[in-house]
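Here is a short report on one protein model. Keep the sequence and the 3D view open as you read.

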Amino acid sequence: KQEIDDAINKLPEDIKRLMYPFEYSSTSTRKKTEERIFCQRCYNLKYHNKLTTTSSSPSSSSSSSSSSLWQETLTMDKSFLNFLQKKKNSIILTIIDIIDFPGSLIKNLDNLIGKNNPNILIANKIDLLPKNFDENMIKIWLKNHCSENGLRNIHDIFLCSAKKNWLIKDLCNEISKIKNYNDNIYLIGNTNVGKSELINSFLRTYVHNGRKYEVTSSHIPGTTINMLGLPLNIFGDTFGKNIKGISFNNNNNNNQGDRRFLFDTPGIVNENQLFHFLDQEEIKMITPQRNIRPFTYIFKPGKSLLFGGLGRIDYKMGKNPIRITVFSGLDSHITSIEKADEFYKQLSFYEEDHFLKPPIGSIERLKKFPEIIKSIKNLKVVSNEKLYMNTKKISILDVVWSGVGWCSIGGVKIGETAIFDIWSPDGKGVYVRNVPL
Ligand code: GDP
């Protein structure tokens with residue numbers, strides 16, 4: 001990398017201008033990017049939030065439009081991760097988005113990648129959680145849910161924020177303590193969980209001038225096209241040193257340390273993640289920019305709670321009002337079930353200044369948007385005395401719209417049952433989970 005950088009620096013200015021037109025397009029941009037070299041695709045992603053085909057992109061051989069490129073680069077089939085079964089001394093970093101759980105967890109991971117290698121579960125984006133969360137409680141809860149979803153082989157669980165560099169050093173310390181690994185480190189996860197951002201965070205934290213090597217992170221799913229490897233030796237001792245007598249020292253050409261990499265793998269598509277229905281502007285709209293502030297409503301039977309135009313929960317049957325606490329970056333509204341039915345039937349209600357968004361934009365866009373249908377019918381929430389006595393908590397169940405947020409149903413009186421219908425686009429992307437005890 002250094003040699004390439006040096007060679008490029010020695011080129012005449014005119015040649016550099018031809019090779020990197022974007023860096024030279026304006027003085028202000030040039031200042032921003034003088035340390036970095038982007039291909040046109042990554043430049044557009046980074047500075048214009050646009051995904052485009054370019055001749056420098058590895059999958060640009062077809063002359064597809066930007067949207068079909070997006071489809072091409074997404075990895076629908078997670079079986080490519082099977083190669084990890086043959087590995088024995090690698091470290092696997094499985095990353096999930098804590099505000100999209102279990103939606104962002106790759107299902108049946110133990111079967112897929114085997115149990116030969118230590119697997120560290122990283123719950124990313126904790127900067128978006130409401131303040132004062134209980135770290136230990138979340139870890140226990142994650143462990144239980146992972147086990148239900150086919151991931152039992154967990155070496156350790158870490159909560160972190162790649163964007164804010166929170167707890168990154170703790171994570172790397174733990175990795176460096178793992179003994180008997182002398183192969184690569186693989187970062188795996190669904191799309192949009194923050195894999196690229198995590199690698200960038202490692203670079204920012206440990207590598208002098210690390211920004212030079214940054215991978216392009218974006219809210220547009222499918223940004224990482226191929227396996228992207230960074231030599232471990234650029235991180236110095238960060239991930240452990242002299243493992244099995246192998247040194248990371250650059251000067252020794254035969255040493256295995258030089259051939260070991262930290263790999264960012266292409267994101268696995270979970271079709272249930274609701275952002276697959278959304279365009280770039282809409283994804284931005286549902287992505288929280290700061291920690292989520294929960295809102296609690298008194299929810300009466302016969303009412304419906306709407307998450308923009310993306311989902312709703314109807315309190316269909318029950319004797320008494322309950323409490324519903326909403327955790328989402330998106331505005332939520334309460335109305336009667338009849339009115340909610342009307343809203344979703346009439347396209348005109350989606351129009352520009354209406355609160356049912358996303359989707360946003362023209363009627364044409366709205367017509368293409370999948371119908372909001374019942375995903376779960378007659379969800380029963382029974383309040384049970386034992387649960388209430390043990391925990392002194394009334395919250396008992398979360399309903400999650402993948403990537404959009406969740407609501408906690410609580411306050412169902414002991415011995416009573418509340419019945420709900422849950423709606424989502426095409427009936428996809430809804431999960432029900434227990435709240436931590
Ligand atoms: P990838 O598809 O898994 O490589 O995901 P990216 O690294 O491209 O990140 C997807 C989106 O999540 C981007 O908009 C990132 O800025 C955002 N993101 C990643 N990590 C964090 C984090 O720790 N906190 C927050 N708030 N956003 C994050």
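Thr325 sits in strand 10, which spans residues 322-328. Helices (H or I, at least four residues) and strands (E, at least two) are DSSP runs, numbered from the N terminus. This is a predicted model: local features need pLDDT of at least 70, side-chain atom pairs count only at pLDDT 80 or more, and totals for chains, interfaces and linings use all residues. Residues are numbered from 1 along each chain as its sequence is written, and side-chain values use heavy atoms, with hydrogens and water left out.

Is Thr325 buried or exposed? Thr325 is buried, with a relative accessible area of 15%. Buried means under 20% relative accessible area, exposed over 50%, and partly exposed in between (1.4 Å probe, protein chains only). Leaving aside residues up to four places away in sequence, Thr325 touches Pro294, Phe295, Thr296, Trp406, Cys407 and Ser408. Such a contact means heavy atoms within 4.5 Å. The side chains of Thr325 and Thr296 also make a polar contact, at 3.0 Å. A polar contact is a pair of N or O atoms within 3.5 Å; within protein, one must be able to donate a hydrogen and the other to accept it, and residues adjacent in sequence count only if both atoms are side-chain atoms.

## The whole protein

The protein has 13 helices and 16 strands. Of its 437 residues, 52% are buried. Take the contacts with a separation of 6 or more: residues 24 or more positions apart account for 74% of them.

The protein exposes about 21200 Å², and carbon and sulfur atoms supply 48% of that area. Accessible areas come from the Shrake-Rupley method with a 1.4 Å probe; for residues, only the protein chains shown count as cover.

## Helix 7

Helix 7 covers residues 135-148 and has 14 residues. From first C-alpha to last it reaches 20 Å, close to the 20 Å expected at 1.5 Å a residue. The expected span is 1.5 Å times one less than the number of residues. Which residues of helix 7 are buried? They are Ile138, Trp141, Leu142, His145 and Cys146. Seen down the axis of helix 7, these buried residues fall within an arc of 135°, so they line one face of the helix. The arc is that of the directions from the helix axis to the C-beta atoms. The face turned away from the buried side carries the exposed residues Asn136 and Ile140.

Now look at the ends. Asp134 caps the N-terminal end of helix 7, with a side-chain oxygen 3.1 Å from the backbone nitrogen of Asn136. Gly150 follows the helix and has a positive phi, near 85°.

Five of the five residues of strand 13 (residues 397-401) are buried, so the strand is largely enclosed by the rest of the structure. Leu397, Val399 and Trp401 lie on one side, with Asp398 and Val400 on the other.

Strand 13 pairs with strand 14 (residues 405-410) in the antiparallel sense, over five bridges. Two strands pair if DSSP finds at least two bridges between them. Leu397 has Ile409 as its bridge partner in strand 14. Three residues lie between the strands of this hairpin, where Gly403 takes a positive phi near 85°. Strand 13 also pairs with strand 16, antiparallel, over five bridges. In strand 16, the bridge partner of Leu397 is Asn434.

## Arg433

Arg433 lies in strand 16. At 4% relative accessibility, Arg433 counts as buried. Residues that Arg433 touches include Trp141 and His145, and also Leu397, Asp398 and Val400. A polar atom of the Arg433 side chain lies 2.5 Å from the backbone oxygen of Phe101.

## Strand 4

Strand 4 (residues 185-189) has five of its five residues buried, so the strand is largely enclosed by the rest of the structure. Strand 1 runs parallel to strand 4, joined by five bridges. Here Leu93 has Leu187 as its bridge partner. Strand 4 also pairs with strand 6 (residues 261-264), parallel, over three bridges. In strand 6, Asp264 stands opposite Leu187.
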